[in-house]
Amino acid sequence: MIQSVSGLVWQKAVEVKLTQADSSVWTEVLGLQFDREQNEVFGGFDREYVEGAVDDASVTISSETHDDLTTEFGQVKYNVKLGPITEDGDHLHAQARRDAFNDLPLAGHASVENFWVQATDDLRVGYVRPTETEPPDQSPASVDIGRFDLGDRFDGY
């Protein structure tokens with residue numbers, strides 16, 4: 001089990017749980033990725049739910065936006081990917097709490113540690129939190145961030 005790792009923060013995403021009739025599905029309302037080879041940040045976000053959270057290649061989810069997402073959808077996940085974290089080129093895909101998510105710099109480097117939260121009697125959820133962060137060495141050569149409407153993908157939203 002990985003306890004503490006370091007790497008390039010190359011993806012940040014915010015997912016919400018959509019519940020309709022008999023089923024539910026997790027989907028992104030924000031997803032940004034850094035391509036190291038192209039020195040480019042790209043992705044998209046739903047302008048209705050997270051407008052104002054993206055500033056060029058930086059993402060910050062305010063407590064008000066978090067509260068709005070929680071009220072609308074019930075559950076919100078903050079996902080990050082960083083790496084490589086090993087000589088074999090492995091990458092870490094993990095959840096973070098909102099404050100930790102905000103502290104992890106897209107296209108920058110971070111050292112993170114795992115911690116566990118008892119969600120229910122039978123379920124523990126793993127999260128990461130930064131122990132050290134470094135902003136990107138330079139701004140991305142290009143930023144291509146689009147906007148989308150969740151309602152176009154799912155009726156009723």
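**Close-up views of a predicted model**

View 1. Leu-123 belongs to strand β9, which spans residues 123–134. The structure shown here and in the other views is a predicted model. With a relative accessibility of 43%, Leu-123 is classed as partly exposed, because that class lies between the limits of 20% and 50%. When its neighbours within four places in sequence are left aside, Leu-123 is in contact with Val-117 and Gln-118. Strands β8 and β9 are joined by a hairpin through two residues.

**View 2. Pairing of strand β9 with β8 and β7.** Strand β8 (residues 109–120) pairs with β9 in the antiparallel sense, over eleven bridges. Within β9, Gly-126 stands opposite Trp-116. Strand β7 (residues 92–96) pairs with β9 in the parallel sense, over two bridges. Here Gln-95 has Tyr-127 of β9 as its bridge partner.

**View 3. The aromatic pair Tyr-49 and Phe-73.** Three aromatic pairs are present in the structure. In the pair formed by Tyr-49 and Phe-73, the ring centres are 5.0 Å apart and the planes stand at 65°, so the geometry is edge-to-face, the cut-off for this class being over 60 degrees. The pair links distant parts of the chain, 24 residues apart: Tyr-49 is in helix α1 (residues 47–50), and Phe-73 is in helix α2 (residues 63–73). Tyr-49 counts as buried, at 13% relative accessibility. Phe-73 also counts as buried, with a relative accessibility of 7%.

**View 4. The aromatic pair Tyr-78 and Phe-101.** The ring centres of Tyr-78 and Phe-101 lie 5.2 Å apart with the planes at 50°, so this pair is tilted. Tyr-78 is in strand β6 (residues 76–83) and Phe-101 is in helix α3 (residues 98–103), so the pair ties together parts that are 23 residues apart in sequence.

View 5. Thr-65, Leu-69 and Phe-73 are the buried residues of α2. Viewed down the helix axis, the buried residues of α2 fall within an arc of 40°, so they line one face of the helix. An α-helix has 3.6 residues a turn, and residues three or four places apart therefore point the same way. On the face of α2 turned away from the buried side are the exposed residues Glu-64 and Thr-71. The packing partners of the buried residues of α2 are β1 (4–20), β2 (23–35), α1, β6 and α4 (150–153). After α2 comes Gly-74, which has a positive phi near 90°.

**View 6. Charged side chains over aromatic rings.** Lys-77 lies over the face of Trp-26, at 4.2 Å from the ring centre. Arg-97 lies over the face of Tyr-127, with a distance of 4.6 Å from the ring centre.

Methods:
Residues are numbered from 1 along each chain as its sequence is written. This is a predicted model: local features need pLDDT of at least 70, side-chain atom pairs count only at pLDDT 80 or more; totals for chains, interfaces and linings use all residues. Side-chain values use heavy atoms; hydrogens and water are left out. Rings of Phe, Tyr and Trp (its six-membered ring) pair if their centres lie within 6.5 Å; planes under 30 degrees apart count as stacked, over 60 as edge-to-face and the rest as tilted. Helices (H or I, at least four residues) and strands (E, at least two) are DSSP runs, numbered from the N terminus. Buried means under 20% relative accessible area, exposed over 50%, partly exposed in between (1.4 Å probe, protein chains only). A charge sits over a ring if NZ of Lys or CZ of Arg is within 6 Å of the ring centre and within 35 degrees of the ring normal. Contact means heavy atoms within 4.5 Å. The arc is that of the directions from the helix axis to the C-beta atoms. Two strands pair if DSSP finds at least two bridges between them.
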